[in-house]
Amino acid sequence: MDRRDFLKLSLTGMAAIAVGSVKIPGVFQNQAHAADNIINLTMMEADVQMFDATLVYHWVYAADVSPVAARNSVRGMQEQVTPVAGPAGTQLFPSFPGPAIFATAGDTITLNITNNLPANVPHAFQVVGTKIKTGPIPAGQTRSITFKVPEGGTYMYIDPLNAPINRVMGLHGALVSLPAAPAAGHRETPYSKPTPAVQQIFDDLGNSPELPPNAADVTLNNYLSTVPANRGGWFLDPAHNRFRFWFLNSTDPTLNEEIRQGIIPTPAEFRRRYVALYMMMNGRAGGYCAHHHDVTVSAMIGQPHLLRFLNAGMVQHSCHIHGNHVWVMAINNQVRDNVFTVDVWSVRPMDRIDWMLPFRMPPDIPNKDFTGAKHSDNAGRAFQVPPEGNLATAVRDELEVRPIRNGTTANLWPAQRPIPYPMHCHSEPSQAGAGGNYPGGLVTVWEITGDVNGIPFEVSIGPDDPDPTIYTNDAPPA
Ligand SMILES: [Cu+2]
């Protein structure tokens, strides 16, 4: 059979759309992006490029909102993608996973779903864990659903038919519901009905001795008179998102190729034969996700970030973060009563898990004095922290007290700034791609770019670097 020529999606990752009354300073520059609370999504074929340049046939969602324009409303997500011609002179912008939809809980929005896929497989649309779904959508046709956005949280939309085939072929995306208002007397959370424990964490973030605010945020808060005091430090900054999607999926190119040729397995066959050869975060793997600003978390001490895991693939992942522990805030839209800190958590297929990464001073920088004890004059920490000290200085001190090489006391080590820590999956095969290329799987870093004093670290390539520059891994300016 001839290989049909499909749109080629080159490591583009996710797009994002804001709809309705969504307005969060910093995250969205424009109040709404999709006109009239309507989102049009088209299911279409695409060859998606894997990290090793292999093109793998997928089914993807495309929005009719340009990611270039969307970038003005949702920072840092999918800067460029090849548009394809849509109906009536429109342009479609495919996304893998599908575009993340941001909406306000309680708003009424309409989704128009068009099926532009081959007619040999039925398709539909559902928001997992809700009654929001269409019936089957015949090939070439459009179905509309109008619904009230559910309670605040992280949702996954999928094609639920032929489960898991249609979902795993690429028909999946994120729906984020943001609460309309915080509870009276409290600060905002990502949830409409936070439990007391979760509410307490958000009340305390940047607002307690244990979780001091970053000084730059304090300045910002004073400067931005429009930001109400009940906004949490976690999304205060208009220049940087204080959240990330860590959207996991997996691909078996052999099965995808058979499906391209019209050989459709039963769901049971698909499950039995499935070999996850590529495992991705936000549609990318290896270095392409480890260092992409829509995956990597990059901020200063005291600038906590919400991490929204979704898993649309076929693999249970065991996600492990280094450097800080995280709070597990919600599991599959259940806000936790008992919030505990973890460094590793299972993210099963179909799971939606919210983590809060507090961006605290990492507790594990070795003791400068090699005594095994902490500095008694510094609240039990190994090094002086602001306002007396500085994390960058602490890291340099730590390097300088390492055993001297080559008989010299010269400073031989480049400054470790920013300070990166890995987040990877402890299900080891997921760290490789294409059957063994390491690290070609789902792995990334979060990095500390400055101290709680609000001053970004200077980055130098070595001790004598004449021109240290301020480092950022965030999105380029809009
Ligand atoms: Cu680990």
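Analyst: A residue is called buried if 20 or more other C-beta atoms lie within 10 Å of its own, exposed if 12 or fewer, and partly exposed in between. The model is predicted, and the angles and counts below are computed from it.

Most residues other than glycine have a negative phi, and most peptide bonds are trans.

Start with N282. Its phi is positive, about 50 degrees, although N282 is not a glycine. N282 sits in the loop between β14 (278-281) and α7 (287-290). Is N282 buried or exposed? It has 28 C-beta neighbours inside 10 Å, so it counts as buried.

N332 also has a positive phi of about 50 degrees and is not a glycine. The loop that holds N332 runs between β18 (326-331) and β19 (334-335). Its surroundings are described by a count of 16 C-beta neighbours inside 10 Å, so N332 counts as partly exposed.

A further positive phi, near 55 degrees, belongs to A88, in the hairpin of β5 and β6, which has five residues between its strands. The two strands deserve a look of their own. Strand β5 (residues 84-85) pairs with β6 in the antiparallel sense over two bridges, and V84 has L92 of β6 as its bridge partner. Strand β6 also has a link to β4: three bridges join them, and they run antiparallel. Here A63 stands opposite F93 in β6. Four of the five residues of β6 (residues 91-95) are buried, so the strand is largely enclosed by the rest of the structure.

P439 is in the loop between β23 (419-425) and β24 (443-450).

On the β9 side, two bridges join β9 to β11 (residues 153-158), the strands running antiparallel. V127 has Y157 in β11 as its bridge partner.

A glycine provides one more positive phi. Just after α5, G262 takes a value of about 90 degrees. In the helix α5 (residues 253-260), L255, N256, I259 and R260 are buried. Seen down the axis of α5, these buried residues fall within an arc of 145 degrees, so they line one face of the helix. They pack against β4 (55-63), β13 (243-251) and α6 (267-273).

As background, the protein has eight helices and 26 strands. Buried residues make up 47% of its 478 residues. Among contacts between residues at least 6 apart in sequence, 72% join residues at least 24 apart.

How values were computed:
Residues are numbered from 1 along each chain as its sequence is written. This is a predicted model: local features need pLDDT of at least 70, side-chain atom pairs count only at pLDDT 80 or more; totals for chains, interfaces and linings use all residues. The arc is that of the directions from the helix axis to the C-beta atoms. Two residues are in contact if their C-beta atoms, placed from the backbone, lie within 7 Å. Two strands pair if DSSP finds at least two bridges between them.
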